[in-house]
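Please keep the sequence and the structure open while reading.

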Amino acid sequence: MSYICSEETEELIQAVKEFCDHEVREQSKEYDRSGEWPKEIYDKAMEMQLHMLEIPEEYGGLGLDKVSVAAILEEMAKADAGFALTFSVSSIGLKSVLMAGNEAQKKKYCDNIIGGHFSAFALTEPQAGSDAAAGKTTARKDGDFYVLNGRKTFITNGGVAGIYVVTAMTDKTKGLKGMSAFIVEAGTPGLSTGKHEDKMGIRGSNTCDVVFDECRIPAENLLGNEGDGFKIAMQTLDISRTFIGGMAVGIAQRAMEEAIAYAKTRIQFGQPIIKNQAIAFKLADMAIQIETARQIVANACTRMDMGLPYGKESAIAKCYGGDVAVKVTSEAVQIFGGYGYSREYPVEKLMRDAKIYQIFEGTNEIQRVVIANHLMKEY
């Protein structure tokens, strides 16, 4: 790994690697088959404070810089992408609160996460994926409360979260400017979740619908002001997309390592296949693409840490990282040949896990729109 981190962070990364090697990597195979959410693994991970990486020290967290977080998430994703995603997405929900919340909200919900809960970020709806303005979830003011009605879909951590950051229309006539953001606590009457999605990959993460039926929440749970919802959501995604790219790098790195190990031991025509130029060049291209993606992630993280603009860089990190993960895992399966298509070997799982990284947090087509819009403004 070529992130430049402090000695203290390097020690933490090594501890995470050892934990993932012993508690996640092999265990995730069974959960990948069953689709069951591995609560016991997450409980052990919380004992290591892996749910507190991005919580500021002033609120009781580890307060790590963004480069360190990306390096740790990459290590987690090498073991299991769904495992890494669960913690990353939990931070996404909290990011919205830390970015737009008042002091009381920040303290309360940091305490909630530190206490062992996950958060979820509920933006996507059945008819509103890339087109967030098509969202139909509503929030009407009723005295000192808001009443939410609607359905969110494909929500990571949806069935296991302690808090939800939810977007809803407070004024449909204003389009995106009529969208607001709210904090909803698990157990609130009118909040329910659908069945866990039977997904192609990232099967160790929980994904389900979240439904609001006359869900009544205190008005103090509004994040920012009415009409700030779309802005909060986009600013949150600008941050989180970088870490999606970092996890994609972890998937690709694991695939390359598995392919190298196999190519060194698979004998064909009297020699290991790694000595065949066709295979060697595939591995070399993997290394080039992975390191490029990693440095793109590091650049976006460094800009965040320095307080510089990072919207374009974050979109590039997510888009390129996702594309690299899909390409590298596909090539790894090719190097394994028929064995790569078998569940006996890990590369088919890595290939399945990789695909979603081109889709969620804004499809890679949307990332290219975001990047192009930045370019039009810059030039």
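Arg294 is buried, with a relative accessible area of 3%. Buried means under 20% relative accessible area, exposed means over 50%, and partly exposed lies in between (1.4 Å probe, protein chains only). The model is predicted: local features need pLDDT of at least 70, side-chain atom pairs count only at pLDDT 80 or more, and totals for chains, interfaces and linings use all residues. Residues are numbered from 1 along each chain as its sequence is written, and side-chain values use heavy atoms, with hydrogens and water left out.

**Salt bridges**

- The side chain of Arg294 meets that of Glu291 in a salt bridge, at 2.6 Å from N to O. A salt bridge here is a side-chain nitrogen of Lys or Arg within 4 Å of a carboxyl oxygen of Asp or Glu.
- Glu291 and Arg294 are 3 residues apart in helix H8 (residues 277-306), so about one helical turn separates them. Helices (H or I, at least four residues) and strands (E, at least two) are DSSP runs, numbered from the N terminus.
- Glu291 is partly exposed, at 28% relative accessible area, whereas Arg294 is buried.
- Arg303 and Glu313 also meet through their side chains in a salt bridge, at 3.7 Å from N to O. Arg303 lies in helix H8 and Glu313 in helix H9 (residues 311-336), so this pair ties together parts that are 10 residues apart in sequence.
- Arg303 is partly exposed, with a relative accessible area of 22%. Glu313 is buried, at 14%.
- Glu26 forms a salt bridge with Lys29, and their closest N and O atoms are 2.8 Å apart. Glu26 is partly exposed at 45% relative accessibility. Lys29 is partly exposed at 40%.
- A network of salt bridges links Asp32, Arg343, Glu348 and Arg352.
- How many salt bridges does a search of the whole structure find? The total is 30 salt bridges.

**Helix H5**

- Helix H5 covers residues 81-100, which is 20 residues. From its first C-alpha to its last, H5 reaches 29 Å, close to the 28 Å expected at 1.5 Å a residue. The expected span is 1.5 Å times one less than the number of residues.
- Where does H5 bend? The bend is at Leu94, by about 25 degrees. That angle lies between axes fitted to the seven residues ending there and the seven starting there.
- Of the 20 residues of H5, 17 are buried, so the helix is largely enclosed by the rest of the structure.
- Asp80 caps the N-terminal end of H5. One of its side-chain oxygens lies 3.3 Å from the backbone nitrogen of Gly82.

**Strand pairing**

- Strand E2 (residues 138-142) and strand E3 (residues 145-156) pair in the antiparallel sense over 5 bridges. Two strands pair if DSSP finds at least two bridges between them.
- Asp142 has Phe145 in E3 as its bridge partner.
- The hairpin of E2 and E3 has 2 residues between the strands. In this hairpin, Gly143 takes a positive phi near 65 degrees.
- E3 also runs antiparallel to strand E7 (residues 207-218), and 9 bridges join them. Gly150 has Phe212 in E7 as its bridge partner.

**Loop residues**

- Gln358 lies in the loop between helix H10 (347-355) and helix H11 (364-378). Gln358 is buried, at 15% relative accessibility.
- A polar contact of 2.7 Å joins the side chains of Gln358 and Asp323. A polar contact is a pair of N or O atoms within 3.5 Å; within protein, one must be able to donate a hydrogen and the other to accept it, and residues adjacent in sequence count only if both atoms are side-chain atoms.
- Leaving aside neighbours within four places in sequence, Gln358 is in contact (heavy atoms within 4.5 Å) with residues including Lys318, Gly322 and Val326.
- Gln49 has a positive phi of about 70 degrees although it is not a glycine. Gln49 sits in the loop between helix H3 (39-47) and helix H4 (66-79), and is partly exposed at 34% relative accessible area.
- Asn157 is not a glycine, yet has a positive phi of about 70 degrees. Asn157 is found in the loop between E3 and strand E4 (161-169). Is Asn157 buried or exposed? Asn157 counts as buried, at 0% relative accessibility.
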